[in-house]
Amino acid sequence: MTNSRIWTVLSLFVTCLLSAFALSVVYSQTRQRIYQLSIAGIRAAFAEVMPTADSFAVLTPDSSVWAAFEGGRRCGTIVRAAERGYGGPVPVTAGVDTTGTITGIRIAGPVEGLKETQGLGTKVLEPEWRAQFVGKSPAEILLDRDGGTISAVTGATISSRAVANGLRDALERYASLLRP
Amino acid sequence: MNTEPSRLSYLTNGILRENPTLILMIGLCPTLATTMSARDALGMAAAASFVLICSNVVVSTVRRLVPDSVRIPIFIIIISTFVTIVDYVMKAYQPALYRVLGVFVPLIVVNCIILGRAEAFAYRHGVFDSLLDGLGKAIGFGLVLFLMGSIRELVGAGKFFGTRIMPAAYASSPVQFMVSAPGAFFLIGVLKGLVNKLQSKNR
């Protein structure tokens, strides 16, 4: 019986049916939580680069630019960029206030997909290095050896440049969205 | 006939004599890629063990109903169902671990140990024996992963489960080679060499 032609087809069908049923149960049980976690992760990153803001609204379809509000008043913009570094894209999230000044930048770590060399390229994650972006205008966001004001991490020029250039490009591209 | 010792050997075979990674040399991809630290290694071991044990039990339960000609597609559907369940549950309840293991969670589908046990053991044995076999292979796989993860984290970062163990002077400039990809190849080579040495002595 198990080798009849009809059962060959039917057994695959039944297996797929049971599998689909089991997965739909698990999916419906976990969907809400997975969604909430992803929202919480985005909010935490935004709060890090612009602590004063309390709500955000997306401005571009690819969700790389967000308007930031403080008590209902527009207080700045969140810009996300991912320029190619040494091992892959370097995802940067930056806050810009209404005068066009950087309020903070955050770089996704290795657990979030950063592929830069451990111990060299990953030094761009250090708060001391990121702090030099705060208070700068988009025109100043360029490595000092490229004519800007950002000093590169020793031994990780490519990673540093990916952060600076990616951020500067994004700020220039979306310049019209930065002012309310 | 005395069947008790052979039953127990289904369980113990996987740990030493037929250790999936160090003797059979299968399932090496997750062994190399997810053992940067003891915690990551345990997470991977737990996920793969769940899938291995569940697929072994289900395959042996339905084995008399499965037509020979389509058994592999059916095994794959069963395995990928459990992998997707692990994927959803880990994403929802262990998001930090999920971000580290990343693509290697869905890739459990193609872990040779799991399909290998379904085809070579569960398809031909009873439910209880298949459970023991899955458990044994899972323990064997988990032990090697845990060993690799612990050594790599200890030497490569001076830590164990994220807590510093080695002296501060070492932990500030550890042998970072060990937590990068070549370190994994190096360590599995050393472990395999040790196993071969022990085996040749016993012979």
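This is a predicted model: local features need pLDDT of at least 70, side-chain atom pairs count only at pLDDT 80 or more; totals for chains, interfaces and linings use all residues.
## An exposed serine in chain A

With 11 C-beta neighbours inside 10 Å, A:S63 counts as exposed, since the cut-off for that label is 12 or fewer. A:S63 sits in the loop between β1 (55-58) and β2 (65-70) of chain A. Its backbone is worth a look too: A:S63 has a positive phi of about 50 degrees, although the residue is not a glycine.

## A methionine with a positive phi in chain B

Chain B has its own non-glycine residue with a positive phi: B:M25, where the value is near 55 degrees. B:M25 belongs to the loop that links α1 (4-13) and α2 (28-33) of chain B. With 13 other C-beta atoms within 10 Å, B:M25 comes out as partly exposed.

## Chain B as a whole

Chain B has nine helices and two strands.

How does the overall size look? The C-alpha trace of chain B spans about 60 × 50 × 25 Å along its principal axes. A compact globule of 203 residues would have a radius of gyration near 17 Å, and chain B, at 18 Å, agrees with that. Of those 203 residues, 39% count as buried. As for contacts in chain B with a separation of 6 or more, 73% of them come from residues 24 or more positions apart.

## Helices α3 and α7 of chain B

Two helices of chain B, α3 (residues 38-62) and α7 (residues 127-157), pack with their axes 8 Å apart, at an angle of about 170 degrees. That angle makes α3(B) roughly antiparallel to α7(B), as anything over 145 degrees gets that label. The contact of α3(B) with α7(B) involves 17 nonpolar, nine polar and four charged residues. As for handedness, the crossing of α3(B) and α7(B) is right-handed.

B:V62 also lies in helix α3 of chain B. B:V62 is partly exposed, having 18 other C-beta atoms within 10 Å; the buried label would take 20 or more. B:V62 and B:Y123 are 61 residues apart in sequence, yet their C-alpha atoms are 8.5 Å apart in space.

## Where the chains meet

How many residues does each chain bring to the contact? Chain A gives 21 residues and chain B gives 25. On the side of chain A that touches chain B, the classes are ten nonpolar, nine polar and two charged residues.

Terms used. Residues are numbered from 1 along each chain as its sequence is written. Chains are lettered from A and ligands numbered from 1 in the order in which they are written. Axes are lines fitted to C-alpha atoms, for helices over the stretch in contact, and angles run from 0 to 180 degrees between N-to-C directions. Helices (H or I, at least four residues) and strands (E, at least two) are DSSP runs, numbered from the N terminus. Angles under 35 degrees count as roughly parallel, over 145 as roughly antiparallel, 65 to 115 as roughly perpendicular and the rest as oblique. A crossing is left-handed if the near helix is turned anticlockwise from the far one by less than a right angle, and right-handed if clockwise. Ala, Val, Leu, Ile, Met, Phe, Trp, Tyr, Cys and Pro count as nonpolar, Asp, Glu, Lys and Arg as charged, and the others, Gly among them, as polar. Two residues are in contact if their C-beta atoms, placed from the backbone, lie within 7 Å. The radius of gyration is taken over C-alpha atoms; the globule rule is 2.2 Å times the number of residues to the power 0.38.
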